[in-house]
Amino acid sequence: MAMAAYVKLILGSVAFSIFWVLAVFPTVPLLPIGRAAGSLLGGILMVIFQILTVDQAYQAIDLSILVLLFGTMVVSGYLERADAFKYLGKLLTWKSKGAKDLICRICLISAISSALFTNDTSCMVLTEFVLKIARQNHLPPQPFLLALASSANIGSTATPIGNPQNLVIATQSGVSFGEFLIGILPAAVVGLVCNALLLIFMYGDLLSVKKGQQDSTVAFNGDGVDHQFSPATMSHVETTNVDSVHHESLRNRVNSKQAMGAAEVPWSLNGAYWDHRNQKLWKSCVYIVVVGMLVSLLMGFNMSGTAITAALALMILDFKDAVPCLEKVKKTTILRYPTLF
């Protein structure tokens with residue numbers, strides 16, 4: 001009996017080791033089948049080695065976790081289409097006061113977005129904006145990318161939907177969304193503050209702008225673009241200002257004519273106008289659904305049911321075939337979280 005237990009332990013360890021190698025090194029030369037297939041292979045080996053029966057293997061699959069993860073991924077996909085992360089990127093540069101201020105903003109926005117929309121989604125989408133901001137301001141990207149990644153991991157611990165590990169903990173323990181948030185949020189805030197201070201301490205000299213380092217003055221505004229002015233280019237700026245005034249006058253004349261009646265506007269422009277209005281309306285509906293989902297989670301509603309209901313509502317509001325969205329979510333979910341399947 002004891003020998004059988006040792007054999008089962010050894011075989012189980014072998015199956016887990018095979019899974020672990022394929023999960024950590026998906027392109028291992030001996031078996032380059034990837035993480036998803038590696039996870040499936042590890043599960044099948046557990047059944048073949050009789051560590052688990054087929055019924056026990058089916059019972060080990062937690063559908064509530066999969067439904068919650070699927071729903072949050074669909075919601076995140078529609079938020080990305082609604083330019084939610086684009087607006088978060090604009091917040092990074094709105095009235096920015098320098099590189100250190102930018103580090104703090106990245107830490108805060110990354111933490112909040114990862115807590116609400118999963119950490120890897122935030123990192124993948126916000127990386128583009130962080131690199132663009134660093135390039136436009138002639139700053140090294142490494143400190144900002146490190147702030148993005150580390151703060152996303154810290155912020156994702158605050159909610160059950162921040163990362164898959166939290167999903168498992170919340171569903172298995174029966175802790176509600178609000179209880180989880182109240183219990184973890186103080187630690188996440190302390191960790192976020194310490195992370196920002198540590199990054200500023202590590203890269204303070206690199207991010208400090210020294211006088212005389214640049215010949216021109218950099219004016220940074222909220223559009224995410226740096227505007228350099230020097231005495232040699234002031235005449236060009238003045239000419240540009242005159243042209244801008246002229247174009248603005250022409251634009252005002254066109255707007256006044258449009259205000260006289262829609263009949264005077266060409267049909268193509270009128271159609272574009274309504275397309276723009278419909279797009280704004282759709283984005284507003286997406287944000288309302290997401291806010292409703294978060295409020296429902298805080299009120300203690302079932303997390304899996306709330307997430308899948310919000311996902312279905314967004315599919316209906318999109319009024320298009322949902323297959324492309326579902327295919328993208330399926331591929332993304334399997335690639336990111338193969339161990340959950």
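Hi everyone. By contact I mean heavy atoms within 4.5 Å. With that in hand, let's look at this predicted model.

The largest nonpolar core has 55 residues, and L79, I106 and F144 touch the most other members. Take F144: setting aside neighbours within four places in sequence, F144 is in contact with A99, L102, I103, I106, V130, A134, L139 and L207. As a general point, in soluble globular proteins nonpolar side chains tend to be buried together.

There is also a nonpolar patch on the surface, made of F16, W20, V21, V24 and F25, with about 470 Å² of accessible area together. F25 sits in the loop between α1 and α2 and is partly exposed, at 46% relative accessibility.

Now, how many salt bridges does the structure hold? Three. D318 and R81 meet at 2.9 Å, N to O. D318 is in helix α13 and R81 in helix α4, so this pair ties together parts 237 residues apart in sequence. D318 is buried, at 10% relative accessibility, while R81 is partly exposed, at 40%.

Next, K283 pairs with D83, with the closest N and O atoms 2.6 Å apart. Here helix α12 is tied to the loop between α4 and α5, 200 residues apart in sequence. Then R105 and D101 meet at 3.0 Å; they are four residues apart in helix α6, about one helical turn.

Finally, confidence. The average pLDDT is 77, and 76% of the residues score at least 70. Helix α8 is highest, at a mean of 92, and strand β1 lowest, at 41. Over residues 210–247 the pLDDT is below 50. Where pLDDT is low, the predicted coordinates should not be read in detail. Thanks, everyone!

Conventions: Residues are numbered from 1 along each chain as its sequence is written. This is a predicted model: local features need pLDDT of at least 70, side-chain atom pairs count only at pLDDT 80 or more; totals for chains, interfaces and linings use all residues. Side-chain values use heavy atoms; hydrogens and water are left out. A nonpolar core is a set of buried Ala, Val, Leu, Ile, Met, Phe, Trp, Tyr and Cys residues joined through side-chain atoms within 4.5 Å. Buried means under 20% relative accessible area, exposed over 50%, partly exposed in between (1.4 Å probe, protein chains only). Patches are made of residues with over 30% relative accessible area and no salt bridge: like charges are joined within 9 Å, nonpolar side chains (Val, Leu, Ile, Met, Phe, Trp, Tyr) within 5 Å. Accessible areas come from the Shrake-Rupley method with a 1.4 Å probe; for residues, only the protein chains shown count as cover. A salt bridge is a side-chain nitrogen of Lys or Arg within 4 Å of a carboxyl oxygen of Asp or Glu. Helices (H or I, at least four residues) and strands (E, at least two) are DSSP runs, numbered from the N terminus. pLDDT is the predictor's confidence in each residue, from 0 to 100.
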